[in-house]
Structure formats: C-alpha cells, structure tokens
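Hi,

Here is the structure I promised to pass on to you. Have a look at it first, and then read my notes below.

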Amino acid sequence: MSSENVGEAKNEGILVVGGGISGMTAAVEAAEVGKKVYLVEKEPYLGGRVVRMNQYFPKLCPPVCGFEINSRRIKQNPRIETFVSTQVKKITGRPGAFVVTLETKASMVNDNCTACGKCIDQCPVERKDDFNYGMAKTKAIFLPHAMAYPFKYVIDPSVCKGKDCAKCVEACEYDAIDLDAVPVEFELNVTSVVFATGWKPYDATRMENLGFGKFKNVVTNVMMERIAAVDGPTGGKIQRPSDGKEPKSIAFVQCAGSRDENHLAYCSGVCCMASLKQSTYVKEKLPDCNMEMFYIDLRVAPRVEEFSVKVQENEKLKLTKGKVAEITEDPSTGNLTVTAEDTLAGEKIHREVEMVVLATGMEPNPVVKELVPDLEFDEHGFVHPETTDKGIVGAGCAKAPLDVYSSVQDATAAALKAIILR
Ligand SMILES: Cc1cc2nc3c(=O)[nH]c(=O)nc-3n(C[C@H](O)[C@H](O)[C@H](O)COP(=O)(O)OP(=O)(O)OC[C@H]3O[C@@H](n4cnc5c(N)ncnc54)[C@H](O)[C@@H]3O)c2cc1C
C-alpha cells in the first residue's frame with residue numbers, strides 16, 4: 001500500500017478509480033479471479049462515505065463490520081496495488097491498452113508511522129476536520145479517522161507551517177516525517193477502467209429557506225451520522241450544535257433539495273431510509289425526544305420494508321406528509337419553527353423544534369470530463385451505464401444514488417465487465 005515503487009510503467013491490469021465500498025468491491029472481485037488491479041483513492045484512506053456513517057441500515061451494524069473484511073481482502077491480495085492520496089491526471093490510449101497518468105500527493109508521513117500520536121501533541125496548528133463535516137478540529141498532522149486504512153497520519157499542507165516549525169519531526173521517534181516530500185507522478189498501463197468515484201452531499205446552503213449555515217441547530221443527514229458516531233465530534237451524544245443541549249424535539253426534513261427542478265431533480269432513493277435509521281439513533285440515546293418526519297412520499301426499497309415498518313412503530317416518531325416550505329429561528333433560544341403544508345390534513349402547519357435534520361440528496365462526485373472524453377454522463381452528471389464499449393465502466397454511486405447493498409452488486413457487475421472489456 002503505497003506509491004513507493006512508482007515512476008515506471010506497470011503491467012497491464014484494471015484501474016479502479018475511487019476507494020469507497022464500490023471501488024473496494026470491484027477491486028477485490030477482479031483480483032480474486034486473477035486480474036491485476038490498481039485501486040486509486042484521492043483521500044488518504046479507503047472506505048469513502050460509508051466509513052463516515054454511524055450504522056448501516058437495515059442491520060444497524062457499524063461500518064467497521066464490512067469495511068474490515070474488505071480491507072483485509074485488499075491487504076492480503078498481492079494482485080491489488082493501492083494508491084491513496086492519488087488522482088488520475090490523464091488517460092490516453094484505447095480499450096485494452098490505456099495509459100494512465102496519476103499523481104500522488106506529497107507523502108510527508110511515510111510507512112514508518114505507527115500512529116503513536118506524539119506528533120499531534122507538539123503540532124501548534126489546528127484545522128477544520130473535514131471527515132466530521134467541519135464539526136470538530138484536528139491538528140495539521142492527524143489520523144484521518146479512528147479506523148483509517150492505511151492506519152497512519154497525514155499532514156494537511158494547506159495549514160502546516162513546514163520546516164519553519166518542524167515540531168512533529170522532532171517529536172517523531174520513527175523517522176516517519178519528511179516535510180520536503182514532493183508529489184509523485186507515474187504511469188500505469190491498463191486494459192480497462194472502473195470509475196467508482198461515488199457521491200457527495202448536495203450543498204444545503206443552496207436552499208436558503210431551510211436555514212442551513214444560518215441557524216446552528218439545522219444540520220444535514222450526513223452530519224447527523226457523525227453526531228451519532230462514538231468516534232464523532234460529540235462522542236456519540238446527540239447534542240444540538242448551538243449549546244450542546246440534548247434536544248427534546250427533532251424534525252427530519254425529507255427531500256431537502258431533492259425532487260426539485262431548482263436543485264436535484266431526482267430522488268436519491270436512500271434518504272427516507274437514512275432518516276428512519278437516524279430516528280433509531282435518537283430513540284436509543286434520547287428515548288424521550290419527540291421526532292417528526294416531513295416527507296413527500298416515503299420511498300423504501302422492498303428489501304428494507306420490514307425494517308422501515310418496524311422503525312415506524314416508534315410512538316415518539318410522527319410522520320407528516322408535507323413538503324417543508326420554510327425554517328425560521330428564535331435567536332433567543334436557538335429553537336426552530338418548521339412551516340409545512342400538511343397534505344393529508346390540507347392545512348399549513350408550524351412546529352417548534354429544538355433541532356432539524358435536513359435529508360439532503362446525493363450528487364455525483366465530479367469526474368473531470370476532459371480526462372476521459374469517451375465517458376458519457378447523464379443529465380445529472382452520473383456516469384452513463386452505456387459507456388461499457390469504451391473500455392471504461394461506472395460502478396456504484398458514480399452511476400446512480402444507491403444504497404450499500406446495491407452499490408456492492410453493481411460494483412461486482414462492473415468488475416466482471418472490466419475483466420471482459422479489452
Ligand atoms: C445520509 C446517508 C446515510 C446513508 N446510510 C446508508 C445506510 O445506512 N445503508 C446503506 O446501505 N446505504 C446508506 N447510504 C448510501 C451509501 O452512503 C452509499 O451506498 C455508498 O456510499 C456508495 O459507495 P460508493 O463507493 O459508490 O461511493 P462513495 O462512498 O462516495 O465512495 C467513492 C470514493 O471515491 C473517491 N473519489 C471520488 N472522486 C475521485 C477521484 N477523482 N479520484 C480518486 N478517488 C475519487 C472518494 O474519495 C470516495 O472514497 C446513505 C447515504 C446517505 C446520504
């Protein structure tokens with residue numbers, strides 16, 4: 001796991017771009033039937049969005065479950081070479097014979113790192129922790145997250161004071177830090193490419209009527225995952241951001257920006273299940289908290305219907321069919337008023353709550369289109385499923401918003417296509 005032996009062209013194999021659950025699955029499936037695989041991830045760790053979840057529906061197991069199995073399969077398979085902190089710069093050639101140029105960011109912490117943490121104590125600089133969606137801080141040298149794979153520290157060069165400081169270098173007993181490290185460019189020869197570049201949350205500040213970014217106690221669904229996680233910014237306590245108080249009432253606002261021509265025109269398919277799942281976090285940690293979920297239609301895949309029905313039996317959870325028009329704040333209390341049209345009652349309602357969770361949808365991560373002129377995208381920016389005859393195939397949420405089960409299935413199919421494409 002590194003870019004140590006880079007700089008020379010590699011043997012033929014499959015390139016998998018994106019090391020989330022889809023990319024990891026495509027990599028292990030292709031490698032376990034004998035193909036050489038290069039797995040490339042832009043972040044310093046594998047796992048994608050899933051490792052930032054508190055629990056998965058429907059089984060409510062922590063992400064570490066499936067992640068550990070997959071990372072072990074990757075670690076133990078000599079046919080998989082993994083490059084983290086790496087991006088594709090250029091793809092040339094043709095199906096069966098692509099030449100890919102990649103760049104690995106300057107690796108200022110090498111594999112000698114034991115994650116002992118002595119460097120952190122000495123580092124004088126703090127940064128916003130993007131893993132926790134800005135709700136916590138790390139030092140300029142940090143472990144990306146508690147179960148990061150690879151398990152080693154990284155340095156954020158945008159805030160690190162470099163050699164003028166070098167306190168981390170002095171503190172490190174393992175000679176693991178090199179502040180002079182530079183980015184490394186290298187080439188790979190591959191027969192096919194799998195784009196498993198995944199998704200990002202829709203920018204909630206764009207819905208001005210919903211108050212995200214203006215009112216502290218309006219958070220998004222991905223933030224709620226981190227708030228509920230024991231390794232998250234509150235140590236797993238459900239607290240509202242303005243004052244750390246345990247909320248007595250929470251509103252879940254579905255379709256926050258989804259199924260809306262001005263934002264995301266499509267349904268992300270998982271947000272209803274994600275909010276129902278999050279209501280179980282609240283039930284477990286704050287049993288007296290009242291919850292209300294505002295929805296347009298409750299969309300649940302048949303596979304998870306039983307789970308959905310069970311969650312809805314919670315008497316502390318009220319489901320109200322109606323689109324939320326506006327959220328306002330009482331600045332003296334930080335409480336929020338949710339205004340919605342109750343479709344079934346045919347009336348406008350106003351509910352005061354102590355915290356709001358916006359169920360924002362999933363947008364495709366941008367793939368630089370110039371990199372791969374032959375790759376086709378649909379109107380929303382997802383990789384078009386019909387691109388396969390170009391030697392390049394999409395997998396998982398790069399193709400459509402999907403849950404983990406469907407992403408894994410799709411990635412397995414993508415691996416098969418990548419094997420036969422040449
Ligand atoms: C609030 C919420 C809760 C959810 N909860 C659940 C749940 O409980 N159960 C469930 O089944 N599903 C859940 N999902 C869906 C789940 O998150 C997705 O199914 C899963 O993340 C899909 O994995 P992926 O690998 O396709 O994409 P991602 O997880 O997005 O991984 C993509 C990876 O590609 C990397 N990448 C992107 N661009 C590049 C590039 N150019 N070069 C290199 N690397 C790149 C990214 O850094 C990332 O690591 C939830 C979704 C939401 C919004």
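**Domains, a sheet and the ligand shell**

The centres of domain 1 and domain 2, taken over C-alpha atoms, are 27 Å apart. Where these two meet, ten residues of domain 1 and eight residues of domain 2 make the contact. On the domain 1 side, the touching residues are seven nonpolar, two polar and one charged. Please keep in mind that this is a predicted model.

As for the bounds, the domain assignment puts 14-105, 183-198 and 365-420 in domain 1, 118-171 in domain 2, and 202-362 in domain 3.

Three strands form an open, antiparallel sheet in the order 4-5-10. On average, neighbouring strands here are turned by 20 degrees against each other, ignoring direction. Seven bridges join strand 5 (residues 97-104) to strand 10 in the antiparallel sense, and V100 sits opposite L188 of strand 10.

Now to the ligand. There are 37 residues around it, of which G18, G20, G48, G198 and G396 come nearest. The shell is made up of 17 nonpolar, 13 polar and seven charged residues. Domain 1 and domain 3 each give the shell at least three residues. Among helices, helix 1 (21-32), helix 5 (221-228), helix 6 (271-285) and helix 8 (404-420) each contribute at least two residues to the shell.

Best wishes

How values were computed: Residues numbered from 1 in each chain as written. Predicted model: local features only at pLDDT ≥ 70, side-chain atom pairs only at ≥ 80, totals over all residues. Domains from an automatic or database assignment. Contact = placed C-beta atoms within 7 Å. Nonpolar A, V, L, I, M, F, W, Y, C, P; charged D, E, K, R; others polar. Pairing = 2+ DSSP bridges. Helix = DSSP H or I, 4+ residues; strand = E, 2+ residues; numbered from the N terminus. Axes fitted to C-alpha atoms, helices over the stretch in contact; angles between N-to-C directions. Near = placed C-beta within 6 Å.
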